[in-house]
Each structure stands twice: as C-alpha cells, then as structure tokens.
Amino acid sequence: MSIVVLSPAADITKVLPGAAFLGDRIICLPPTPSSYSRLDHADAVLVDARGDMARARALCQLLTGPLQCPPVIVIADEVVAACLSPEWGVVDVMMTTASEAEVAMRMRMIRHKEPIKEPQFDDDRIEVGDLVIDPISYSARIRGNLVDLTYKEFELLKFMATNPGRVLTRQTLLDEVWGEGYIGGARTVDVHIRRLRAKLGSEHDYLIGTVRNVGYRLDHPEEDF
C-alpha cells in the first residue's frame, strides 16, 4: 500500500506517530502543486491540516474535486477537528494521537476504494500561445514545461485566460478569484500578478498586460501571417 502525506513536516512520524509502522510505504511531500503529479498512484492521500486550516481546506477541495485524487484523509488535532465539515470533501479524519492499530484499521478500510475520475478532454484546455492551461488537472505549462503555481495564482491565470482581451479591474479579479467576501485590498492582486509574470518568465510575461489605473488583461499573442 502506497500512501502520500502532504505536510510541511519532513518527517510524518513527528505529526502522526502511529504511522511509523508503515515505513517506506509512506512518503511525505510538501503541499505544493509540484507534488500533485505524484498522487495518481497512491492508495491514499493524507493532508496535514494543522496550522493553516483555510489553506488545508482549499487543498482538500482541490484534491477531491478538480484533481480527483485517491481517497483523501485529514490529519487533525483538536483545534482542526472542531472546524471540520462535509465541505472539506474528505473520506475520513485521522487524529494526530491515533495509535498504530487505528492507523492500520483506517488504511484497511480505504484500501479497496477506487476514486471516481471524470474523463479528461483536450477541449477543456485553454491555450494562449505557448501557454496551456488545464482546468481539470489544475496545471499550466509553457512549451510542455510545468509552471509551478499556487492555487490562487492558477485561479487568477485561468480566469484571465477565459476572458482574453477583456480589461479586468482589480475589484473584479478580487470578487471572481478571492470571492466577494474577501476583505483584502487591491494590492493582493498586484502581488499575485507580479508573481505570475515572474513564473511565466521574461519570454512570456508580456501575456499579462497592465491597463494603467484600471487593471489587467491577458491577450493572445499576435500570430504572424
């Protein structure tokens, strides 16, 4: 049985001592997009939800929704457990105090569960010149090379790409990407745009244009005729 743990901790036994008996059958990876490609062949994915619960919830929803990963289990302490709800989309919860017997039992319970995956169609991809955005796998590639984006960076890029040529105000981007209830300011958008351009690289950062005193837009590169 192969288990992947998404956690900032390098040693999962420091987080979940009861998992020590799993040995090399369990691998701990950082909760970043670069780790997602290693989840397909796992029998289960454990998400360490301690610390930043909002981020952990968004990650669980991503894994159980668009990415359609193997069964997802939350690793929780007392604080996290008090805030869990069905909206997280996970199949089970593992307390950090779980014994080896409990961990083994929970692993047996999910071992034969097969995740339901939706078919993937190339038509779902969004292509902007050399940039290809795949909403199903939550990935973005330039000339085949994966662009390592955070969840919000991907959502921002995807929203702009689905509105090519449209000038999007900072407030529009905040409402659509962060939600109308978000209390942060417009600088949040500016910071994410700057990071996106840096990750696209100097050869492709021009795809995101600035409309002075208004907002931003993403344009398809002009084709040569």
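Thr 96 sits in the loop that joins strand E5 (92-95) to helix H3 (100-110). The model is a predicted one. The relative accessible area of Thr 96 is 18%, and buried means under 20%, so Thr 96 counts as buried.

Neighbours within four places in sequence are left aside in what follows. Thr 96 is then in contact with Val 15, Leu 16 and Pro 17, with Arg 50, and with Ile 75, Ala 76 and Asp 77.

## Helix H5: the buried face

Four residues of H5 are considered here. Leu 173, Leu 174, Val 177 and Trp 178 are buried in H5. Viewed along the axis of H5, the buried residues lie within an arc of 100°, and therefore they line one face of the helix. An α-helix has 3.6 residues a turn, so residues three or four places apart point the same way.

The buried residues of H5 pack against H4, strand E10 (168-169), helix H6 (187-200) and strand E12 (215-218). After H5 comes Gly 179, which has a positive phi near 100°.

## Packing of H4 on H5

Two packed helices are described by the angle between their axes and the distance between the axes. For helix H4 (residues 151-161) and helix H5 (residues 170-178), the axes come within 10 Å and the crossing angle is roughly 120°. Angles of 65 to 115 degrees count as roughly perpendicular, and H4 is therefore classed as oblique to H5. The crossing of H4 past H5 is right-handed.

On the H4 side, the contact is made by Lys 152, Glu 155, Leu 156, Phe 159 and Met 160. On the H5 side, Thr 172, Leu 173, Glu 176, Val 177 and Trp 178 take part. By class, the residues of this contact between H4 and H5 are six nonpolar, one polar and three charged.

## Packing of H5 on H6

H5 also packs with H6, at an angle of about 80° and with the axes 9 Å apart. This angle makes H5 roughly perpendicular to H6.

From H5, the residues that meet H6 are Arg 170, Leu 173, Leu 174 and Trp 178. Their partners in H6 are Thr 188, Val 189, Asp 190 and His 192. The residues of the contact of H5 with H6 comprise four nonpolar, two polar and two charged.

Leu 173 and Trp 178 of H5 take part in the contact with H4 and also meet residues of H6. Both Leu 173 and Trp 178 are buried.

Note on methods
Residues are numbered from 1 along each chain as its sequence is written. This is a predicted model: local features need pLDDT of at least 70, side-chain atom pairs count only at pLDDT 80 or more; totals for chains, interfaces and linings use all residues. Side-chain values use heavy atoms; hydrogens and water are left out. Helices (H or I, at least four residues) and strands (E, at least two) are DSSP runs, numbered from the N terminus. Buried means under 20% relative accessible area, exposed over 50%, partly exposed in between (1.4 Å probe, protein chains only). Contact means heavy atoms within 4.5 Å. Axes are lines fitted to C-alpha atoms, for helices over the stretch in contact, and angles run from 0 to 180 degrees between N-to-C directions. Angles under 35 degrees count as roughly parallel, over 145 as roughly antiparallel, 65 to 115 as roughly perpendicular and the rest as oblique. A crossing is left-handed if the near helix is turned anticlockwise from the far one by less than a right angle, and right-handed if clockwise. Ala, Val, Leu, Ile, Met, Phe, Trp, Tyr, Cys and Pro count as nonpolar, Asp, Glu, Lys and Arg as charged, and the others, Gly among them, as polar. The arc is that of the directions from the helix axis to the C-beta atoms.
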